[in-house]
Amino acid sequence: MEELGTEIDHIPLRRIVPLLYDKLSVFMKLSPDFSAPQGVEVNIMPVIGEANSMKVDLSQLPPVLPVLPLRNAVIFPGTVFPVTVGREKSIKLVSDVEDGSGWLAAIPQIDVSVEEPSEADLCHFGTVCKLIKTLEMPDGTVTAILQGAALAELQSISAYEPYITARVNTLEEKEPEGADERELQVLSDSLKEKAALIVKSSSFAPKEAIGALKSIDNFHFLVNFIATTIEVENFQERTALLGIADIHERGLALLKVLDTQTQLIQIKQEINQKVKTDIDQQQREYYLNNQLRTIQEELGMDEGEQFEKMRRRADEKKWSKEVRAIFDKEMARLEKFNPTSPDYSIQLGYLQFMLDLPWGEMSDDNLDLKNAQHVLDYDHFGLESVKDRIIEYLAVLKLKGNMRSPILCLWGPPGVGKTSLGKSIARALGRKYMRISLGGMHDEAEIRGHRKTYVGALPGRILSGIQRAGTSNPVIVLDEIDKLASDFKGDPSSALLEALDPEQNSTFHDNYLDIDYDLSNVLFITTANGTGSIQPALKDRMEMINVSGYLAEEKLQIALIYLVPKQLAEHGLKPTELNFTPEAIQQIIDQYTHESGVRGLEKQIAKVARVTAKKIALGEDYPHTIGPEHLREYLGIPTAFHDDVAGNEGAGVVTGLAWTEMGGEILFVESQVSEGKGNLSMTGNLGDVMKESAQIAWQYLKAHPELAGMDTKTFMKKDIHVHVPEGAVPKDGPSAGITLVSSMVSALRGQAPKKGVAMTGEMTLRGRVLPVGGIKEKILAAKRAGVNTIVISEENRKDVEDIKDIYIKGLIFVYVKTITDVIDYLF
């Protein structure tokens with residue numbers, strides 16, 4: 001029903017301005033589901049109201065009624081329906097009816113093309129309607145809200161002027177009384193199902209009609225609702241339904257009409273599916289190319305000009321003949337691609353990347369050694385070995401003119417300035433700085449890139465960094481190289497072997513670029529917390545420089561010189577508004593931090609600055625100089641307590657020194673002897689290596705019971721239990737070997753070792769004491785804990801001598817070769 005909701009002048013209701021529906025909304029009270037007709041995008045549609053609310057009194061019906069001819073619309077009793085009228089006769093009819101009785105006969109017109117219908121042009125049946133309201137529209141038409149009251153049979157035309165009037169007989173609709181309820185239910189469901197299919201396929205019918213259909217339970221109302229609103233191909237089939245007074249029969253006839261309509265819809269869909277074709281690909285490309293060309297011409301960026309710009313950029317590049325030949329070849333491929341092709345954008349992106357890379361472009365190094373030393377000293381306190389290595393590199397570069405950049409690996413505990421040192425080195429050299437985080441990286445393509453033939457292919461992180469830097473000799477910091485991972489996607493650490501090998505990185509091959517690129521001028525600086533997890537082949541390619549932790553005295557200087565001014569600036573405070581006494585900084589170090597670096601110290605200083613800023617903003621009084629007495633108010637209760645040897649003396653308790661990624665630590669080894677059968681038990685969350693060290697110690701004492709002051713028979717009647725406190729913390733490593741033996745001997749002898757002594761060293765089954773690593777960190781831990789004497793392997797003497805005096809000041813070192821030397825010294 002293409003023109004549902006129209007009157008004789010054939011004006012589609014869907015063309016009426018939205019104002020109509022604002023006015024129609026006031027009539028929604030006539031029916032809970034009242035809305036505008038099909039074909040109009042509104043929120044309401046004509047539906048059937050409740051039976052009682054829609055009954056109309058026909059007792060006052062005049063014998064002769066005005067006749068309103070309808071085109072492509074049928075109104076059934078019980079429906080409220082808006083009809084647009086536009087001809088003068090129809091407008092006058094509506095006006096007179098509104099002023100008069102309010103009744104009219106809505107008769108469908110057989111031939112919709114007839115402008116002045118006669119009796120022969122009107123259907124024999126129609127509907128007696130009550131005119132509820134008229135609305136004048138801006139285009140001069142009038143919309144009449146009609147309420148269907150009863151079926152009407154046209155008897156005879158009384159007059160044609162000023163509009164058609166006729167005698168009509170009202171027909172009473174026969175309710176389906178006595179019909180099988182199950183049959184009515186099945187018929188009702190079928191009607192709803194067919195009607196829903198037609199509504200879904202209609203481009204004009206409101207989709208709310210489906211919900212309205214489901215909500216109608218009265219069979220009588222359901223039939224009239226569907227007959228009024230559903231579109232069908234044959235309009236005459238709908239008008240024929242008006243002549244069926246029996247609702248049950250009308251429902252069956254309506255079902256046939258709907259079934260025919262659904263079959264026609266299905267046939268249409270099948271035909272459309274068969275004949276429907278997209279625009280030919282060639283025509284589509286031709287059309288899009290023309291559009292694209294027009295847009296580019298308007299913007300002044302046609303392809304030819306773009307290609308010419310790329311060639312001019314290529315002429316300025318400092319690349320070899322081989323690279324230029326590859327560029328020209330790839331450029332020729334690009335020109336052959338259709339701009340709408342996906343390959344075009346991929347090829348264009350690849351060539352743009354080639355042009356963006358700084359082939360052979362170098363930044364000028366600042367070879368002023370004194371300036372470089374000043375910059376490094378200004379940014380970082382200590383770290384002399386790293387600074388010396390950079391100055392040495394600059395010195396050779398100054399004398400020789402060119403030199404392959406070194407590959408440095410700075411390893412040490414967190415917070416000692418490894419990463420920020422890379423930025424300082426770049427500033428000292430006058431180079432660009434780039435940082436690449438390797439922590440958790442597990443895809444080799446992150447280093448080498450993807451082949452450009454893959455969807456979403458990207459270059460590797462190294463070449464991307466050089467592209468952003470704009471020079472071929474930046475300082476690139478590869479952060480957290482010890483935290484690389486590997487999985488089925490490859491091993492990034494293996495991919496780094498080529499980039500970090502001074503003998504190979506002059507021809508570094510990125511899969512995306514697919515051309516060798518020279519990385520020999522890049523100064524790579526890697527950082528790590530430990531060296532144990534770094535691949536041996538990768539470690540061999542780097543210069544390993546240990547960046548150890550700081551003494552408390554060094555932390556104090558770092559805080560006063562660097563950290564406090566930095567935090568004052570970041571919090572908008574002036575030096576006159578906040579400063580710290582050295583005693584306050586020292587107490588923060590001792591009681592609020594437990595670290596080798598200064599990151600935690602900086603956080604505590606920042607917290608004091610935040611609290612001060614809050615007090616200033618609130619206008620509160622506060623101390624301008626922070627002393628030790630103010631720390632509890634600003635930082636709360638002290639949270640970090642360093643282990644202290646004081647109070648841990650006694651038989652069976654010996655102090656050891658350990659190395660962790662967080663720096664050096666002390667640990668206490670406790671042993672307890674009981675009567676038994678010569679058994680050893682261990683607790684304290686010990687690793688396999690440390691358990692083996694304990695077994696070696698116990699077996700050595702079994703072979704040499706005289707060290708414990710016993711004979712073999714007495715020794716075998718003793719059980720010993722070894723425990724390392726802080727059981728929640730895993731502990732492992734061989735460096736506690738001599739500590740374990742000393743603890744067992746102390747417990748078996750019942751004699752406490754000398755006070756203030758700590759030790760570290762691995763022991764063999766023959767009693768030799770072997771050297772261990774992490775000496776500087778262990779010395780720092782010993783000083784923090786109040787140790788004054790350190791027992792260490794003779795072979796570690798060179799490591800101690802290599803440490804600056806400031807770190808070993810106040811310490812006594814006892815160098816031993818065998819476990820007997822250790823026991824003799826302790827007892």
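A residue counts as buried when its relative accessible area is under 20%, as exposed when that area is over 50%, and as partly exposed in between. In this predicted model, D501 has a relative accessible area of 10% and is therefore buried. The side chain of D501 meets that of R541 in a salt bridge, with 3.3 Å from N to O. This pair links distant parts of the chain, 40 residues apart: D501 belongs to the loop between α18 and β10, and R541 to the loop between α19 (536-540) and β13 (543-546). R541 has a relative accessibility of 23% and so counts as partly exposed.

The contact between D501 and R541 is one of the salt bridges of the model, and a search of the whole structure finds 30 of them. Two others join residues within a helix. In helix α3 (residues 88-99), K92 and D96 are four residues apart, which means that about one helical turn separates them. Their side chains form a salt bridge of 3.6 Å, N to O. K92 is partly exposed because its relative accessible area is 39%, and D96 is partly exposed because its value is 28%. Helix α11 (residues 321-336) holds R324 and D328, also four residues apart, about one turn of the helix. Here the side chains meet at 3.0 Å, N to O, in a salt bridge. R324, with a relative accessible area of 22%, is partly exposed, and D328, at 35% relative accessibility, is likewise partly exposed.

Salt bridges can also be joined into a network, as they are for K89, E116 and E161. P162 is placed in the loop between β5 (142-159) and β6 (165-171).

Most peptide bonds are trans, and most residues other than glycine have a negative phi. Against that background, D514 has a positive phi of about 60° although it is not a glycine. D514 sits in the loop between β10 (508-509) and β11 (516-517), and its relative accessible area of 39% makes it partly exposed. N685, also a residue other than glycine, has a positive phi near 60°. The loop that holds N685 runs between β18 (680-683) and α24 (688-703), and N685 is partly exposed, with a relative accessible area of 38%.

The description now turns to the helices. Two packed helices are described by the angle between their axes and the distance between the axes. For helix α4 (residues 181-201) and helix α6 (residues 219-229), the angle is about 25° and the axes are 11 Å apart. Angles under 35 degrees count as roughly parallel, so α4 and α6 are roughly parallel to each other. Their crossing is left-handed.

Helix α8 (residues 247-275) contains L264, which is partly exposed at 33% relative accessibility. Together with I267 and I271, L264 forms a nonpolar patch on the surface, and the accessible area of the three residues is about 240 Å².

S494, in helix α18 (residues 492-499), is 44 residues from L538 in sequence, with 7.6 Å between their C-alpha atoms. Q467, in helix α17 (residues 461-469), is 114 residues from F353 along the chain, and their C-alpha atoms are separated by 8.0 Å.

Notes. Residues numbered from 1 in each chain as written. Predicted model: local features only at pLDDT ≥ 70, side-chain atom pairs only at ≥ 80, totals over all residues. Heavy atoms only, no water. Patch = residues over 30% accessible without salt bridge, like charges linked within 9 Å, V, L, I, M, F, W, Y side chains within 5 Å. Areas by Shrake-Rupley, 256 points an atom, 1.4 Å probe, with all protein chains shown as cover. Salt bridge = Lys/Arg side-chain N within 4 Å of Asp/Glu carboxyl O. Buried < 20%, exposed > 50% of the residue type's maximum accessible area, 1.4 Å probe, protein only. Axes fitted to C-alpha atoms, helices over the stretch in contact; angles between N-to-C directions. Parallel < 35°, antiparallel > 145°, perpendicular 65-115°, else oblique. Left-handed = near helix turned anticlockwise from the far one by under 90°.
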